[in-house]
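Subject: Structure handover

Hello,

Here is the structure we discussed. Please open it alongside this note; my findings follow below.

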Amino acid sequence: MRNFPYRIAGEETVTRVPDDASDLRDFRAWVERKASAGEMVGADTETTGLDIYSPSYRLRTVQLGDARDAWVLQVEDRPEMQEAARWALLTLPRLVFHNAAFDLLVLDRHLRCPLETMAPRVTDSKILAHLYDPRPKHEGGYGLALKELCARDVDPSAPDTQGDLTAVFRSIGETKATGWAKIDLSHPTYLQYAGLDVILVSRLLPVLTKRLCDVGVSQRLVDFEHAVMVVCAKLERRGMRVDQDYVRGLVDRLEEESALHAEKAARYGVVSVNAPKQVADALVGMGETLTERTDSGALKVDKSILLDLADLDQSWQPRGTRRPNPLADAVLRSKRAGKWRMSYGIAMRDGLDDAGRIHPKINSLQARTARMSISGPPLQQLPSGDWTIRRALLPEPGHRIFSVDYSAVEMRVLAALADETVMKRAIAEGRDLHGFTAELIYGPDYTSFHRKLCKGVGFGKVYGGGALTLSRQTGAPLPDVKKAIAAYDRTYRGIKRFSSRLQREARADGYIVWTPVGRRLPLDRDRVYAATNYVVQSTARDVLCQALLDMDAKGLTDYLYLPIHDECLGSAPEDVAEDVAAEVGTAMAMDFFGVPLDTDPEVGGYSWGSLYMKKAHTMIEHDPWYAAHPDEAHAAEERRR
């Protein structure tokens, strides 16, 4: 037995590393005492990286411990250690992990500890930290990482041995990313790092639990988030099939597209489209007026500004409000193609398991508002109307893809929470909400531009966009946008009253706003006006999460792949796909404070992209690269048919 002592908060702790059968007997005796007493035990894993389903992925150690003692079992290539770790994990009645979804999937995949068996006994301290303050430390929050939380709540000098590990990685010629797979499994720094995490999380948990109790966050919400985490972990485990031939061609085509538009940008003196100063100088030289600046004082040329100059809306469709700037257009398209190639094409080409499936990571509790995120690849960032990347993802053999999304869920949630009677009446009558608003403001002869402007103002209430942002997105003059916002507030007075009440209550409660489920959302002191969009976005997220739990209870999870914004993506056998999609739509629909949250099931063909192929002709018409490569779009349309 190797022992590694360390003092935490003035107390001696020990990390123990069993070497042989005799040491494992001591470990088993410790586990049996903990199990008999029903004590909470900290747990963690060390692996070769983050790609759990990669064919070369390895589980290296399993750690268990309490506030004073940690056990590190070196399970890599050691069956006796694997069996001891598995037995312990399935025996202990209460376990706490920090970022539990990751470790649960690792153990499910690599140690035969089923997710469904483990999850009911697991508490995730990161969920508790998020429910207290969802902001990361660099945004002024309490913090979400284990070490920074422990430095605040356990011991100000709580060790962050990852820095020491990084130095070890460098000493063996590896990086922070590659060192986890290459470091000697018996390196003292590595073993100390592994053991300290379970000691720290054991000490952190009671502090977080008390803090949530003190501020009034209910156990019901804690349980809700753990249940959502498990459903999302099931979907991540399932993954999706990838059309590998298509992806290989896609990577090449995106590289070609990026180079094509970079060459166009070079004609205007921009050597690198990723150099903001070059882009800004060239645009000014072409006569464009740039007024916004970064914190460092440089002229801003971010995506929203370039879209405005290229006369494109947020969906990359022409607005028809000004003469498009060719440099802005070229920079946008070159950067997008380069990003898509790396973030999607290469990620899908190189990130497959041995069955040819990709497993996007679903973080069920991510943003300040608790909205989910998806990474590896970031599928929630795809443009709403584009099929190019989606075409690579396939349903099961013999299945058809389906998508079910809510109809204007954020606006309906806003109408319900604000008890906005005019908007609720329009929803009850089945009216097009944005057209209804345009008619109220501009009369029965309103134009499509008026509708678009009213839609933008409405979503500004949800997402927090101001007049300047809306002017840039729509191309409407700023005075017209301000008039539209004022008219919107006069038309929907309930929303204005709701927003004012939220801000007033937040200021009185230490700049905290609460959602209907009892979620605690901190506000920045200089952005109290964000209270409305925080509450609406968070509540819309909780609506989708409740739907996920309802679908799981009905046995529909096996048909699902991903939750994306207000949409659920899945597939079902061809002969029942319409029925399954309808059943998912029924499970998602609900009455929310008197406002119906309707769903829109849609069944496609044999790729996710098939749901978007109807937009292919629009893409060919407006996108120069697709206009030069029409065969791909037409072939995809034929496959859909």
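Strands here are DSSP runs of at least two residues, and helices are runs of at least four, both numbered from the N terminus. Please keep in mind that this is a predicted model.

**Seven-stranded sheet**

Seven strands make an open sheet, in the order β1-β2-β5-β4-β3-β6-β7. The pairing is mixed. At the edges stand β1 (2-8) and β7 (122-124), and each of them pairs on one side only. On average, neighbouring strands are turned by 25 degrees against each other, direction ignored.

Within this sheet, look at β3 (residues 40-47) and β4 (residues 59-65). They pair in the antiparallel sense, over 6 bridges.

Helix α9 (residues 188-215) lies across β1, β2, β3, β4, β5, β6 and β7. Its direction is at about 145 degrees to β3.

**Three-stranded sheet**

There is also an open sheet of 3 strands, ordered β9-β8-β12. Here the pairing is antiparallel. β9 (357-358) and β12 (393-394) each have a single partner strand, so one side of each is left without a neighbour in the sheet. Strand β8 (residues 240-242) pairs with β9 over 2 bridges, in the antiparallel sense. Arg-241 stands opposite Arg-357 of β9.

**Backbone points**

As background, most residues other than glycine have a negative phi, and most peptide bonds are trans.

- Pro-377 sits in the loop between β11 (373-375) and β12.
- Ala-9: phi is positive, near 50 degrees, and the residue is not a glycine. Ala-9 is placed in the loop between β1 and β2.
- Ala-370: phi is again positive, at about 80 degrees, in a residue that is not a glycine. The loop between β10 (361-363) and β11 holds Ala-370.

Ala-370 is buried, because its relative accessible area is 0%, and buried means under 20%.

From α20, the contact uses Tyr-488, Asp-489, Arg-490 and Thr-491. From α21, it uses Arg-493, Ile-495 and Lys-496. By class, that contact has 2 nonpolar, 1 polar and 4 charged residues.

The other pair is α22 (residues 531-553) with α23 (residues 577-588). Their angle is about 125 degrees and their axes are 8 Å apart. That makes α22 oblique to α23. The crossing of α22 and α23 is right-handed. Leu-544, Ala-547, Asp-550 and Met-551 of α22 make the contact with Val-584, Ala-587 and Met-588 of α23. By class, the contact of α22 with α23 has 6 nonpolar, no polar and 1 charged residues.

Best wishes

Notes:
Residues numbered from 1 in each chain as written. Predicted model: local features only at pLDDT ≥ 70, side-chain atom pairs only at ≥ 80, totals over all residues. Heavy atoms only, no water. Pairing = 2+ DSSP bridges. Axes fitted to C-alpha atoms, helices over the stretch in contact; angles between N-to-C directions. Parallel < 35°, antiparallel > 145°, perpendicular 65-115°, else oblique. Left-handed = near helix turned anticlockwise from the far one by under 90°. Contact = heavy atoms within 4.5 Å. Nonpolar A, V, L, I, M, F, W, Y, C, P; charged D, E, K, R; others polar. Buried < 20%, exposed > 50% of the residue type's maximum accessible area, 1.4 Å probe, protein only.
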